[in-house]
Amino acid sequence: MSDGFDIGKYELEDTATLVVKNAAGDEDLIGADGVNPVTIEVYSPGSPQGVKALHKSGRAVQMRMFKSMRGEFDKNDAENADREQVAKLAAFTKAIRNWPVSPEDTYSNPRLCYFNRQLEEFIGKLGNFSKASSRA
């Protein structure tokens with residue numbers, strides 16, 4: 001490595017903020033205060049919390065797949081998969097602001113599935129966690 005090279009400016013930030021859109025995706029979702037949007041402070045996949053969340057969720061999926069390959073099927077697979085997704089999204093969530101409902105209750109509510117989809121998409125776009133200085 002060259003002397004003076006700062007790898008840190010290329011690393012992902014630990015968190016970024018997602019502004020939640022309404023179910024139609026065309027406007028910010030106005031939160032509990034009736035004025036400001038709901039925001040989620042999200043741990044990046046490169047943060048210690050994000051790495052742990054990815055490992056834990058990946059392990060659960062892997063174990064379910066191994067069981068099915070051995071011919072072992074659990075009648076609760078769908079519920080288990082849903083529970084694992086909620087746990088993963090909650091682990092990626094540092095805070096939900098302007099929203100008086102816990103991450104677990106929000107992500108487990110099927111009628112609020114647009115939260116889950118937006119959060120999954122946000123986590124998947126690493127550019128959301130880029131440092132501003134690396135873009136220049």
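Ser-57 is buried in this predicted model, because its relative accessibility of 16% falls under the 20% limit. Ser-57 belongs to helix H1, and a polar atom of its side chain lies 3.2 Å from the backbone oxygen of Leu-54. Phe-66 is also found in helix H1, which covers residues 48-69. Phe-66 is partly exposed, with a relative accessible area of 33%. Together with Met-63, Met-65 and Met-69, Phe-66 makes a nonpolar surface patch of about 390 Å².

**Overall layout**

The chain contains five helices and three strands, in the order β-β-α-α-β-α-α-α from the N terminus. Its C-alpha trace spans about 55 × 50 × 20 Å along the principal axes. Of its 136 residues, 29% count as buried.

**Salt bridges**

The structure holds five salt bridges.

Glu-41, Lys-94 and Arg-97 are linked in a network of salt bridges. Glu-41 counts as buried at 13% relative accessibility. Lys-94 is partly exposed, with a relative accessible area of 47%, and Arg-97 is partly exposed at 43%.

Because Glu-120 lies in helix H4 and Lys-88 in helix H2 (residues 77-92), the pair ties together parts that are 32 residues apart in sequence. Glu-120 counts as partly exposed, at 26% relative accessibility.

Helix H4 has 12 residues and reaches 17 Å from its first C-alpha to its last, close to the 16 Å expected at 1.5 Å a residue. Its buried residues are Tyr-114, Phe-115, Asn-116, Gln-118, Leu-119, Phe-122 and Ile-123.

The structure holds four aromatic pairs. In one of them, the rings of Tyr-114 and Phe-115 have their centres 5.3 Å apart and their planes at 40°, so the pair is tilted. Both Tyr-114 and Phe-115 are buried. Another pair, Phe-122 with Phe-129, is edge-to-face, at 5.5 Å centre to centre and 75° between the planes. Phe-122 and Phe-129 are both buried. Ring pairs also link Trp-99 with Tyr-114 and Phe-115 into a cluster.

**Loop residues**

Asn-98 sits in the loop between strand S3 (93-97) and helix H3 (103-107). Although Asn-98 is not a glycine, it has a positive phi of about 65°.

Ser-130 is placed in the loop between helix H4 (113-124) and helix H5 (132-135). Ser-130 is partly exposed, with a relative accessible area of 26%. The C-alpha atoms of Ser-130 and Val-61 are separated by 28 Å, and the two residues are 69 residues apart along the chain.

How values were computed. Residues are numbered from 1 along each chain as its sequence is written. This is a predicted model: local features need pLDDT of at least 70, side-chain atom pairs count only at pLDDT 80 or more; totals for chains, interfaces and linings use all residues. Side-chain values use heavy atoms; hydrogens and water are left out. Patches are made of residues with over 30% relative accessible area and no salt bridge: like charges are joined within 9 Å, nonpolar side chains (Val, Leu, Ile, Met, Phe, Trp, Tyr) within 5 Å. Accessible areas come from the Shrake-Rupley method with a 1.4 Å probe; for residues, only the protein chains shown count as cover. A salt bridge is a side-chain nitrogen of Lys or Arg within 4 Å of a carboxyl oxygen of Asp or Glu. Helices (H or I, at least four residues) and strands (E, at least two) are DSSP runs, numbered from the N terminus. Buried means under 20% relative accessible area, exposed over 50%, partly exposed in between (1.4 Å probe, protein chains only). A polar contact is a pair of N or O atoms within 3.5 Å; within protein, one must be able to donate a hydrogen and the other to accept it, and residues adjacent in sequence count only if both atoms are side-chain atoms. The expected span of a helix is 1.5 Å times one less than its number of residues. Rings of Phe, Tyr and Trp (its six-membered ring) pair if their centres lie within 6.5 Å; planes under 30 degrees apart count as stacked, over 60 as edge-to-face and the rest as tilted.
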